[in-house]
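Please look over the structure shown below before reading the report that follows. The text moves from single residues to the ligand and then to features of the backbone and the surface.

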Amino acid sequence: MSTRVAAVSAPPAGTARTEAPPCAMVIFGASGDLTRRKLVPALYNLARGGLLPENFAALGFARRPWSDAAFREEMGRGVAEFSRLAPLDRACWERFGPQLEYAEGEFADPAAYARLAERLADLDQARGLAGNRLFYLAVPPTEFPTILHRLKAAGLIHPPDGGPWSRAIVEKPFGRDLESARALNALLARVLHESQTFRIDHYLGKETVQNILVFRFANSIFEPLWNRNYVEYVEICAAETIGVGTRGKFYEQTGVLRDLVQSHMLEVLSLTAMEPPTTGEADDIRSEKLKVLHALRVPWEDTMARDLVLGQYRGYRAEPDVAPDSVTPTYAALRVFVDNWRWQGVPFYLRTGKKLAKRVTEISLTMRPIPLCLFGRADVCDRIVPNVLTLRIQPDEGIALRFASKVPGLDLKVGTVAMDMSYRETFGGEPPEAYERLLLDAMRGDATLFSRRDAVEAAWAWITPILDFIERQPPGEFPNYEPGSWGPERALELMRRDRRAWREL
Ligand code: BG6
C-alpha cells in the first residue's frame with residue numbers, strides 16, 4: 001500500500017543560478033557516440049531553456065573528414081533522436097545549429113592544433129567568445145597526454161590568472177588502477193591547474209543524486225537517524241537491462257568494477273555516508289566525500305572471496321569485440337564497510353550489473369528492528385518489518401518510507417505501508433539531463449559535481465587490490481547468470497549469510 005505525497009511549496013523547477021559566460025567548447029572525439037547521444041543534445045536542451053550563453057560555439061574535433069554542414073546534419077539527427085525535448089524545435093535549431101563547427105584533425109598532429117588556434121581566434125572575433133575555452137576530452141584516456149601536450153604547445157591553455165579561462169573536462173574511466181590514475185593526474189597537473197580540471201562522472205549531474213545532500217541536510221528529521229545507532233544496513237543498487245551492445249571493445253578493458261563501481265557506485269556511496277560539510281562550497285563537499293573513501297575498509301584477500309560476487313551474463317562472449325573466452329565481469333555484488341564513527345559495523349551492500357531484470361538505481365536504508373514487540377501476539381509481531389527509507393535515483397525518481405500501520409478494523413492487524421514522493425507527480429516535467437547540468441557548471445567554473453584528484457585516487461586505492469585479486473584468480477564459472485535475471489545465485493548467498501535478502505525491486 002502506498003501513500004502519495006505532493007509538494008507543499010516548490011519553486012519553479014530548474015532555475016539557473018548564474019549565467020554561463022561566453023565561451024568556445026572544443027569536443028575532442030566529436031565523431032563518437034557520446035557527442036551525438038549526450039553532449040550535443042545537452043547543449044541543445046540548454047539552448048532551449050535559454051541557458052546557453054548567446055556568445056557560444058561548440059567546435060567538434062575528430063579525424064573524420066566532415067564539413068561544418070555535415071557535422072551539423074549529423075548532430076541534428078542526434079538531437080532529434082536523443083534530446084529529452086522532442087520533437088525538435090525548428091526555431092531553436094535554426095539558432096543553435098550554426099553555433100556548431102567542425103575541425104578535422106589527427107590528435108597527434110601539431111599542425112591541426114595550429115589551425116585550431118587560428119579558428120578559435122577567428123571565432124573569438126566573430127562571436128565575442130572572450131577567449132574562454134572549454135576542452136572536452138571525449139576520448140580514451142590513452143589519448144589524453146597527446147591532446148593536452150599539443151594544446152599546451154599551441155598556446156591554447158591560458159594560466160588560471162583571472163584572464164580568459166581554459167578548462168578541460170575529462171571522461172571516465174580515469175585510469176585503470178591506482179598507478180595509472182596517479183600517472184594521469186600527474187600529467188594533467190603538468191598542463192592544467194586543479195581548478196581547471198573537471199573530471200566528469202555523469203551520475204553526479206543526476207537530479208536525484210544531487211538531492212541526496214538536500215534530503216539529508218535540509219531536513220532535520222532524518223539526519224539524527226542516519227548512523228549506526230538506527231541504520232541496520234544500506235543497499236545501493238544500479239541495475240541495467242541493457243548489455244554492452246556495441247561497446248564491447250571498451251567494456252573488455254573496463255568491466256563492471258572499473259565502469260560502474262569505482263566511479264558511480266562510490267560517488268553515490270560517499271554522498272550517502274559523508275558528514276555534513278562546513279559550507280556548500282565545492283571543496284568542503286568534496287573533502288567530506290574524500291573522508292568516506294579513506295574510511296572504506298580495504299578488503300583482505302581472505303574476506304574478498306566472501307564479500308565479492310562477480311558475474312557475467314550468458315551471451316556476453318558473443319557480443320561484438322568480446323573475446324570468446326572473456327573473463328570480464330558484467331555484474332558485481334559487494335559487501336563494504338565504512339570504518340568511521342558514524343558507520344562502524346553497518347554493511348553497505350552494493351550490486352550492479354548489465355542485462356538484469358529491471359533498470360533501477362536506488363539507495364535504501366533498512367533501519368534497526370524495534371527492540372521489543374508490545375502487542376504480545378505472534379500474528380501481529382511477525383508482521384512488523386523494519387522501516388526502509390528508499391531514495392530512487394532512476395527511473396521513477398522519488399523517495400519512499402516504509403512503515404507499519406494499523407489496518408483499520410476491530411481486530412489488531414498490522415500492515416506495511418509506504419509514503420511515497422514521486423518527482424514527476426510532485427514537480428511535473430522532465431528533470432534536466434545530467435550532462436546539461438554538468439556542462440553548464442563547467443562553463444560557470446563550479447566544480448562541486450566533478451571529482452577531485454585526491455578522491456579519484458582514493459577510489460582507485462580502494463578498488464585496486466580487488467582488481468589485482470581478480471587478475472590473480474580469474475572467476476572460472478562464467479557465464480553464470482541469465483539475461484533478464486537478478487544475477488548469479490552466489491549473490492543471494494552474500495546476503496543470506498547475514499540472514500538478509502536483497503530488496504525486491
Ligand atoms: C556509464 C557506463 O558511465 O554509465 C555505462 O560506462 C552505463 O556502462 C552508464 O551503462 C549508465 O548510466 P545511466 O545514466 O544510463 O544510468
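Which backbone oxygen lies 3.1 Å from a polar atom of the side chain of Q196? It is the backbone oxygen of S166, and the pair falls under the definition of a polar contact, that is, a pair of N or O atoms within 3.5 Å, where within protein one must be able to donate a hydrogen and the other to accept it, and where residues adjacent in sequence count only if both atoms are side-chain atoms.

This is a predicted model, in which local features need pLDDT of at least 70 and side-chain atom pairs count only at pLDDT 80 or more, while totals for chains, interfaces and linings use all residues. Residues are numbered from 1 along each chain as its sequence is written, and side-chain values use heavy atoms, with hydrogens and water left out.

Q196 is found in the loop between α6 (178-191) and β7 (197-199); helices (H or I, at least four residues) and strands (E, at least two) are DSSP runs numbered from the N terminus. Q196 counts as buried because its relative accessibility is 4%, where buried means under 20% relative accessible area, exposed over 50%, and partly exposed in between, with a 1.4 Å probe and protein chains only. Leaving aside its neighbours within four places in sequence, Q196 is in contact (heavy atoms within 4.5 Å) with H158, P159, P160, S166, R167 and A168.

Y233, found in strand β8 (residues 231-239), is buried as well, because its relative accessible area is 10%. Once neighbours within four places in sequence are left aside, the contacts of Y233 are V346, P347, Y349, S364, L365, T366, M495, R500 and A501.

| Residue | Distance to a ligand oxygen atom |
|---|---|
| K172 | 2.8 Å |
| D259 | 2.6 Å |
| K354 | 2.8 Å |

Taken alone, the ligand exposes 400 Å², of which the protein buries 81%; accessible areas come from the Shrake-Rupley method with a 1.4 Å probe, and for residues only the protein chains shown count as cover.

Turning to the backbone, a cis peptide bond runs from A86 to P87, with omega near -5°, and P87 has its place in the loop between α2 (68-82) and α3 (90-96). F478 and P479 are also joined by a cis peptide bond, with omega about -10°, and P479 lies in the loop between α14 (453-472) and α15 (489-496).

A positive phi, near 55°, is found in K355, a residue other than glycine, which sits in the loop between β11 (347-353) and β12 and is partly exposed because its relative accessible area is 26%. R499, likewise a residue other than glycine, has a positive phi near 55°; R499 lies in the segment after α15 and counts as exposed because its relative accessibility is 79%.

At the surface, L372 lies in the loop between β12 (360-367) and α11 (378-381) and, because its relative accessibility is 61%, counts as exposed.
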